[in-house]
Each structure stands twice: as C-alpha cells, then as structure tokens.
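Please keep the sequence and the structure in view while reading.

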Amino acid sequence: MATVTGGNVYVLDFEAIEIANIFNYQYASLKSTSAKFYDNASNYTLFQGRGLTYYSDGEPKSGVVTSASFVANGATVIKITGLNDVPATTIADYAYANNTLGLLSIALAGTDTITGTAGPDVLYGFGGNDVIKGGVGSDRLMGGNGNDTLRGDSGADRLDGGVGVDTLIGGSDSDTYIVDNIADVILEGASEGTADRLTASVDYGLKSGVYVEFMATASSIGTAAIDLTGNALKQDVTGNAGANILNEGGVGAADKLAGLGGNDTYRVYNSGAVIVESSSQGTADRIISSTDYKLSAGVYIEQLTTNSSTATAAIDFTGNEVGQKFTGNAGSNIIDGKGGNDTMTGLAGKDYFVFSSALGAGNIDTITDFQPVDDTIRLENAVFKALTATGTLAASAFRANTTGLAGDTTDRIIFETDTGNLFYDADGTGTAARVQFAVLDAGLKLTAADFVVI
C-alpha cells in the first residue's frame, strides 16, 4: 500500500509532472539501496529500494524501488512510500517514454492513500481501493478502478470515483460529482456549497439529506435512457436525448425538471415543480403526479396521469394550449384541459370536467368515461357568455337530440345523442353558429343537472 503526499510549495498534478526529467541531472549517487540523481541539494530525485545495479551511464540494470521523492528548489513536489517493489528498469523505461501516468498506474496499482497540497491538485488513484484527499484548493480527483473514497475538502472540487462503488465527499464550496455506479455514495452537507453538481452516466437517486443542487446526465445529446431522482431538497434535474425518468424524489421543495429530447416521464410531488419541455423534445412526454398540477404555457407535455389509478386522493389537472391526455384516479378529480384537443379520463369517483378556454375547432375535448350519475361538466361563463347565471344549468338551456341543433331560442347546450357531440349555441336561432366543444359517449342520458356554470 503506497502513500503519496505533496509538499507545501508546488501543486501535486499527476498530469503535469514530467517523469522524463528524473535522470536529467548533472550528478548521480548510486547504491544498492538508493539512487539519487541531482544537480545540488535543492534539486534531486531520490529512489530507495533494494538490489539496485546500474550500467556505466547510470541507467538502472536491476533491483526494485519501494519509495521515491522528487525535490525542486528545495521543496518536495511528490513523495511516494510503501511501493510494492516496482522494478527499477520499469521506472527507466517509462521515464524515457515520458509516460508519467503510465508509471504511476503501475506504482499505485494497489490500495493507496494520496494526499494533495494547498493548491489545485490533479490526483489519480488508478487500481485498488484508494483514499484520495484533495486538501485545500479546487482539486480534480479520479479514483480509477476499485472502491475508492475521495475527499475534496475545501475548494470547488471535481470528484470522479471511476469504476467501482465509490464514496465521494465534496467538503466545503460547490463541487462536481461524476457518478458511474448506481451504488456510489455522495456526502454533501447543508453548508457545503450552493451549486453542487452531479453528472451521471447511469441511473442515480440522491439519498436523503444530500445537498446537491444540480443533477444531469453525462451527455445532453446521449440517447441512453438514464433516470435521475432527487430528494426532498430543491434540485435542477436535466436528462438527455433519450427516454428519461426525472423524479422529484418525494414531497419537499419544488424542483426544476428538463427532459430534453426523447419521450420523458416526470414524477411530480410538488405543485410548484417547473417542467421544461419544448415542441421538438419528444412526442409522448408524460407527467405522473401525486399532487394537483397545472402546466405552464409552452410546456409540451402530452400526458398527465395520477400516480395511482386506484388511489382516492383528489388530484386536479390543468392543461395548457397543447393537446393533452389526462387520466385521474378513483378520487374526485377536476380536469381542465384549457386549449388544444384534449382527452380526459376521470376513472372512478365524482369527477369534474372544466371548459374554461376559448372555443373553436382546435379546442374540442373528448371525455372518455363521463358518468351522468357521478360526473359534472363545468362551463366558464366568461367563455360561454350567454350563460349569465352561475350554478346548475337551467333545464330550458339544455337540449338532447339527434340533430345537434337548437329547438328554440333558450337552448344553449346541445347534446347530439347519436354521435356524442356537445355543442354551445349562443342564441338558439342559428344567427350565431353553434360551436362544438366536446365529445362524449353516444347515447348518454344527459340532463341539465350534469352541467354547472361557473
């Protein structure tokens, strides 16, 4: 098990260290247990090990190295102890090829402890179950293979555990977590940054009490179906071009959910949840809600359903200018499709179907399961302007027949019994053309009592 530490002057950056420089010194002190290459007491590389032999030019011939130090201008850049017998010839080969990361991957293939400096370090764990500590500064920590523990400590750190089940601890400031295993553990407290970000290449759900503010897939244009679940805290959650499930994670703060491309599913627990979905981002996007939900204008969601068709909690839906398919539950639902040609299914319970937006050919809603004994149609008199009195529709204002035409000047709502078409007639004389606003099952025994003016 190797232990790696940096110094107090130079940043410990595994990508910037030039291993090719370790033999580029004027002098060498070569022994069977150590090899020191140096210009002076302030600039040297020191290897310690056993069985070391050398060619005449100082190149290692045999032996193994168990520790190494690199000192520049009198300050330690990196110190590695506890190496698992790295061949001296291997070090020389990688040095001549200037392949620092390749050599480190061999030296740190086991279970290692790596500690950074006060600056912005770049640290790799490579193989084994490593502990990597960034320390002060905005560090970039990468675990590699194994079940690693990464500690960012202070600074805006980037923590990537790599393959394995990793524990990522950001510490203070706003950190970025790279997740590639559904079992990865993130620890982020309430006072540890205000813009912490998680990027996932697999399905991932935040545990309770983890203060991460942003969640996203690894690639916004990727098409893999990656599902993200928040927690009771507020998150911005972003999918990709695949069919994502974006889940608020339960009752709590209202989240912002953006599915991007693909046909996405949004699981909503808060009426204030903000959904971002444009016209070019899927054709069968769906909200599954456990609470009342109202779509904002310009949100292209095609389906809204309750979280359980058999539940009896009263959940109400309000659409927007886009045509939607609504499905309630066994409770008393209020469904207002607003604009667009909507399809409304109340299921069991006493349901209310609301018509409150401007009538026209592009706004004819279908009610699939209207039950006169239980359900009610609500008519907004700001739209149905001839219905001036609120309350249950007057008997004289309703007519049911097979023509869909008014019979006298008092008729306002007309049910065409053989087609199920429902019309509004503003004057009952034919001067103002009737306007269809709904389709119900043909043959229903509707009466004026099934309508309420609001």
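Which residues lie nearest the centre of the largest cavity? In this predicted model, the residues nearest that centre are Ile19, Phe47, Ala68, Ile80 and Leu103, and they belong to a lining of 19 residues.

**The largest cavity**

The space in the largest cavity amounts to about 260 Å³.

A volume of about 70 Å³ is found for the second largest cavity, and the residues that line it are Phe23, Ala35, Phe37, Phe47, Leu52, Tyr54, Pro60, Val65, Ala88 and Ile91. At least two lining residues come from each of β3 (34–40), β4, β5 and α1 (88–96), with the largest share, three residues, supplied by β4. The lining of the second largest cavity has 10 nonpolar residues, no polar residues and no charged residues.

| Cavity | Volume | Lining by class |
|---|---|---|
| Second largest cavity | about 70 Å³ | 10 nonpolar, no polar, no charged |

Counting cavities of 30 Å³ or more gives three for the model.

**The chain as a whole**

How many helices and strands does the protein chain have? There are two helices and 41 strands. The radius of gyration of the protein chain is 35 Å, whereas a compact globule of 454 residues would have one near 22 Å. Along the principal axes, the C-alpha atoms fill a box of roughly 115 × 35 × 30 Å.

Of the 454 residues in the protein chain, 47% are buried, and the accessible surface comes to about 18,700 Å², with 52% of that surface belonging to carbon and sulfur atoms. When contacts between residues at least 6 apart in sequence are considered, 26% of them join residues that are at least 24 apart.

How values were computed: Residues numbered from 1 in each chain as written. Predicted model: local features only at pLDDT ≥ 70, side-chain atom pairs only at ≥ 80, totals over all residues. Heavy atoms only, no water. 1 Å grid on protein atoms, 1.4 Å probe; cavity = no way out; pocket = protein on both sides within 12 Å on 5 of 7 lines; lining within 4 Å. Points joined across faces, edges and corners; volume = space filled by probe spheres on them. Helix = DSSP H or I, 4+ residues; strand = E, 2+ residues; numbered from the N terminus. Nonpolar A, V, L, I, M, F, W, Y, C, P; charged D, E, K, R; others polar. Rg over C-alpha atoms; globule rule 2.2 N^0.38 Å. Buried < 20%, exposed > 50% of the residue type's maximum accessible area, 1.4 Å probe, protein only. Contact = heavy atoms within 4.5 Å. Areas by Shrake-Rupley, 256 points an atom, 1.4 Å probe, with all protein chains shown as cover.
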